[in-house]
Amino acid sequence: MRRDQLEHAIRTACQIIGAPAVIVVGSQSILGTYREEDLPAEATMSVEVDILPIADDNAETARLADLIEGVAGEFSPFEQLHGFSIDGVDLETSVLPDRWRERLIKVQNANTAAPSGEPVFTGWCLDKEDLCVAKLCALREKDQNFVAALLDARLADVAVITERLAAVPDRHRLATERAIAWLGSRTR
């Protein structure tokens, strides 16, 4: 995926749900921090953008996520036309450390504007280490490969990731313990 596709996804998701901003929580949020040419191939392989609508509660977030999914999700005409899909997600999708919202990276430019130029929509992308925390808590092979590629390219900091894993809510303790063990196995 390319940065311009991420910007297109932000604009489209905001238009679908009638909101000024959304949060990008999946792997493509790395494009908020780095340009695709600065990233290893494993970091831009996904052809879906995980969008978290901003709402007052998770029930409303889930409702808006379903709208996004219905219009631009996998196998939609949007995906067929543009070559990528937009997955609407809710607050239960990603395991994130405390204070993650304070570290979001703003993506807003001419490419996130409506065709008329106004309004200009905003995408808030996860910080690179918060993204690694979410990926490691999921701990699927593709997530391990993603984080390993960022670490090997020295684009994410193991110490910061480890520190933030300790700040994940206790109900996800098993996931964080697995993630810390995986990180430890890489540094031996």
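# Working through a predicted model

In this structure, helix α4 supplies the largest share of the lining of the largest pocket, five residues. Keep in mind that the model is a predicted one.

**Exercise 1. Describe the largest pocket: how much space does it hold, and which residues and elements line it?**

Solution. Start with the volume: the largest pocket holds about 470 Å³ of space. Next, look at who sits around it. The lining has 24 residues, and those closest to the centre are Ser27, Lys135, Arg140, Lys142 and Asp143. Then go element by element: β2 (48–53), α4 (128–138) and α5 (141–152) each give two or more residues to the lining.

**Exercise 2. Now take the second largest pocket: what is its volume, and which residues are closest to its centre?**

Solution. The volume comes to about 230 Å³. This pocket is lined by 15 residues, with Leu91, Ser94, Val95, Leu96 and Trp100 closest to the centre. Sorted by class, the lining has nine nonpolar, three polar and three charged residues.

**Exercise 3. Check the span of helix α1, then work out how many of its 15 residues are buried.**

Solution. First, the span. Helix α1 covers residues 3–17, and at 1.5 Å a residue its 15 residues should span 21 Å. The C-alpha atoms at its ends are 22 Å apart, so the two values agree. Second, burial. Eleven of the 15 residues are buried, so α1 is mostly covered. Finally, step just past the end of the helix, where Gly18 has a positive phi of about 65°.

**Exercise 4. Locate Phe121, decide whether it is buried or exposed, and list what it touches.**

Solution. Begin with the place: Phe121 is in the loop between β4 (105–107) and β5 (122–125). Its relative accessibility is 8%, and buried means under 20%, so Phe121 counts as buried. Now its contacts, setting aside neighbours within four places in sequence: Arg11, Cys14, Gln15, Ala19, Pro20, Val107, Gln108, Thr112, Ala113 and Ala114. For a sense of distance, compare Phe121 with Gln5: they are 116 residues apart in sequence, and 14 Å apart in space from C-alpha to C-alpha.

**Exercise 5. Where is Ser85, and is it buried or exposed?**

Solution. Ser85 belongs to strand β3 (residues 85–88). With a relative accessible area of 1%, Ser85 is buried. Leaving out residues up to four places away in sequence, Ser85 touches Val47, Glu48, Val49, Ala72, Gly73, Glu74 and Glu79.

**Exercise 6. Which backbone angles stand out at Pro119, Arg99 and Leu139?**

Solution. A bit of background: most residues other than glycine have a negative phi, and most peptide bonds are trans. Now for the cases.

- The peptide bond from Glu118 to Pro119 is cis, with omega near -5°, and Pro119 is in the loop between β4 and β5.
- Arg99, not a glycine, has a positive phi of about 70°. This residue lies in the loop between β3 and β4 and is exposed, at 58% relative accessible area.
- Leu139 also has a positive phi, near 50°, and is found in the loop between α4 and α5.

Conventions
Residues numbered from 1 in each chain as written. Predicted model: local features only at pLDDT ≥ 70, side-chain atom pairs only at ≥ 80, totals over all residues. Heavy atoms only, no water. Helix = DSSP H or I, 4+ residues; strand = E, 2+ residues; numbered from the N terminus. Expected span 1.5 Å × (residues − 1). Buried < 20%, exposed > 50% of the residue type's maximum accessible area, 1.4 Å probe, protein only. Contact = heavy atoms within 4.5 Å. 1 Å grid on protein atoms, 1.4 Å probe; cavity = no way out; pocket = protein on both sides within 12 Å on 5 of 7 lines; lining within 4 Å. Points joined across faces, edges and corners; volume = space filled by probe spheres on them. Nonpolar A, V, L, I, M, F, W, Y, C, P; charged D, E, K, R; others polar.
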